[in-house]
Amino acid sequence: MYRLIDHKEEINRLLSRYGVKFGIYKNNEFHERLFPFDPIPRILTKNEFAFLEKGLRQRVHTLNLFLNDIYGKKQILKDGVLPEDFVYLSKGFLPPCENIAPPERVYNHISGIDLVQGKDMAWYVLEDNLRIPSGASYPMIARDLCRRAAPDTFETNAVTDNRDYGKLLKRVLDDVNVGGIDVILTPGRYNSAFFEHSYLAEQTGAVFAMPQDLFVEGNVLYYSEYSGERRRVGTVYRRISDEYIDPMTFLPDSLLGVPHLLDAYRAGNVAVVNAPGNGVADDKGIYYFVPEMIRYYLGEEPILQNAPTYLPYYETDRAYVLEHLERLVVKDVSEAGGYGVVFGSDLTKDERQKLAEAIRENPRRFIAQEVVDFRELTVAEGGSVTTRKADLRAFVLYGKEITVWKSGLTRYAREAGSYVVNSSQGGGFKDTWVLSR
Amino acid sequence: MGIISIKSTDNLFWLGRYVERVFTTLKMFSECYDVLIDVDENAYVAFLQKLGIPNTYAYKADFITNFLFDENNPNSVLSTLLCAYDNAVMMRNEISSETMSYIQLAVNAMQRGKESSAPMLKLQEVFDCIFAFWGSADDYVESETTRNILKFGRSVERLDLYTRFSQPAALIRKEFSILLNRLYKVGVDCNLSAVDTLMKIILEKDDLEADKAIIQTELSRLFVTTPPDYYA
C-alpha cells in the first residue's frame, strides 16, 4: 500500500488531467481548485464495514420513513416524539411537498452520511446529507488511477472494487423511473460540483441536461432535442437545490429551475432524485432526534450513534451549553459545507459572550456538540508520513432496495490539529477501501 | 443518433472551432515568430491585421508573450484555449473524460510555456495534445452526430483562418469539400443560402482575395443554432 505514496504527485497530476476539481467563489469570482488527493487509503475491514452497513441501512430507512410521515400523516408529531417547531420552523420543510407520494415512496435516493471514528474506535454520525450530497466520484476516479499506479497493492489486498458507483446510481434512477429517459440536471458550469455532475452523466449514461433543455407540458417533463424532437423524462437526478428547482413553486426569480417541475412530480409523471423537501430530515436540529426516530419507526435500538449533541431549544440543554461553551462545537442549523461551525475553544471571551447571546435569543438556530476527538489517519506529507483528522462520507443508495456503496469519500484536514475537512475549506480526500476478507 | 440538446450542439460546434483556432493560429504564429527573429520585427502587425485583432502590443516581445499567454486578453491563444476548455467540460459526457483530458493537458502545457525560457518549444506539446484530442474524439465519441458537429466546427474555423491568412485557393477548396461533406453528415439545419454563396465563390474562383470578407460572413451564418438568451 505504501508504494502508492511514491506515486502521489503523479496521481494528483492525472486527477488534474481528468478535471477532478471543485469550484469555489471567492470575492465574487469563480475559481476551480484541485481537490488534493492523499494516496494512503482509509481501510475498513469486512467486519467493520458490515457493522457500518447495517447501521447506515437502518438510519437511511428510518429517515425515509420520517419523510413519508412528515409530508403525510405526521404521526410522529401527533405522538409527541419530536416537537412541531423543529419541523415547521425548519428551512428544509417545504409545504408544497405535502401529500406528494414519490415513486416507490423513496425520498432519499442518495444519502451522504458523514461519520467520524473516535479515538475509542467508536463510529459517530456527524451529519446526514439527504439533499444533493456530492463526492462519490472522487474516490471512484482515484481508485482507477491507484490501480494503475500500484497494481501489486491490489493484488495482495482484497479490496472491493468501488468503480461500480455509476451502475448503482443508474439502477436507482431506473428503479424509480416512471417512463422515459434518465436525466442528470446540472445548474451549470459554475456550480461547485460541476465535475461530478458531468462525470456521473458519463458513468451512468444518463442524458446530461441544463435547465433550459427541459420543459414541462401537460404535467409531463420533457427534454428538448436539437432536432426539435422531445423526449419524455422518467427520472431527473437534479443537482440543483430545492429552492431553485421550480420558479413557479419556490424562488420565483430562479433561472436555474424548470417551471412547473413540481407539478409534473406531484402528478406522478417524473421521479425527482432526491425528492424535494428532504432538507427537513437532514436539518441539524432534526439530527438530534434521529436515534429516537429509529426506535419510533423501527422499534430497534440505533446501531450508529450520534455525536453527543445538545439542543439549546430545551432549557436544560441550553443551560449546559451556555455553561460549557468553551469546550463545545456550536453549529448554525441553517448553514452547510463547514460554514457556521464554531469551536468554543477558538473564541475570545467577548466572542463567546456574543455567541451565548445569539443562542439565548434564538435557541432553535443552534445545536451544540461535544468535540469528538477524531481518530487521525496517516497521510503522506512532504516525502514522509504524518497524521491528520479525517471523516468519512458514506453513500447509501435507495431504489427498490437499500445499498451501501462499498467505499466512501474520506476527507482529511490538511492542517495539523484542524477538524475542518471540507473541500471548500481546503481539505483533501482519500480513497476508502472496504476489504472483502 | 444520440440525445442531444440545442445548447449541446452549440457547445460542440464551438469546442471544434476553438480547438482549431488554437491549432491554426499557433501554426501561423510559428511562421510569424520565425520572421520576427531576424527578418522583420514588426511582422506581428500584419499578423494581427489578418486576424482582425487590434494591435495593443507595444513591441515584438510584448506581442510574443501576451498574444500567447495573457489570460486577461480575450484574443490570446491561452484565452482561446480556455474557451475550448469551457465548452469541453460542458460536454464531458458526450466526448468522454479521456477526450476532454487532452484539452486540460493543452492548457497545462500553455501554462508551463508561460513560465518557460523557451516557450516556443513548449508549444509543441500543445500541438501534440490537439492531435491527441482529435484522435481520442474519433475513438471515444460514440455518437456520430457529436463527432460530426465537433468536426464541422473545426472545418468552419479552419476555412475562416485559411481565408484570413490568404492560403492557396486549392487548399481552401479542399477544406471546403471536407466542410460540405460534414455539413451533409451533421444533419442539422444550416443556412442554405450561405452554402450556395460559398460554393459559388470557393469552387468557381481561383483568386479569393477580393471575396475574403464575404467568405468570412457566410461561414459565420452557416451553422444555425439558437443559443438560449443568457448565452448570447
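Predicted model: local features only at pLDDT ≥ 70, side-chain atom pairs only at ≥ 80, totals over all residues.
1. Secondary structure. Chain B contains 11 helices and 0 strands. Read from the N terminus, its elements therefore run α-α-α-α-α-α-α-α-α-α-α, with helix α2 covering residues 43-51 and helix α9 covering residues 169-186.

2. Overall dimensions. The radius of gyration of chain B is 18 Å, which agrees with the value near 17 Å that a compact globule of 232 residues would have. Along the principal axes, the C-alpha atoms of chain B occupy a box of roughly 50 × 45 × 35 Å.

3. Burial and contacts. Buried residues make up 41% of the 232 residues of chain B. When contacts in chain B between residues at least 6 apart in sequence are considered, 65% of them link residues at least 24 apart.

4. Confidence along the chain. The mean pLDDT of chain B is 91, and 95% of the residues reach at least 70. Confidence in chain B is highest in helix α2, at a mean of 97, and lowest in helix α9, at 89. Residues 227-232 of chain B have a pLDDT below 50. This stretch of chain B makes 5 contacts in the model beyond near neighbours in sequence.

5. Confidence in the complex. For the complex, the predictor reports an ipTM of 0.76 and a pTM of 0.88.

Methods: Residues numbered from 1 in each chain as written. Chains lettered and ligands numbered in written order. Helix = DSSP H or I, 4+ residues; strand = E, 2+ residues; numbered from the N terminus. Rg over C-alpha atoms; globule rule 2.2 N^0.38 Å. Buried ≥ 20, exposed ≤ 12 C-beta atoms within 10 Å, placed from the backbone. Contact = placed C-beta atoms within 7 Å. pLDDT = per-residue confidence, 0-100.
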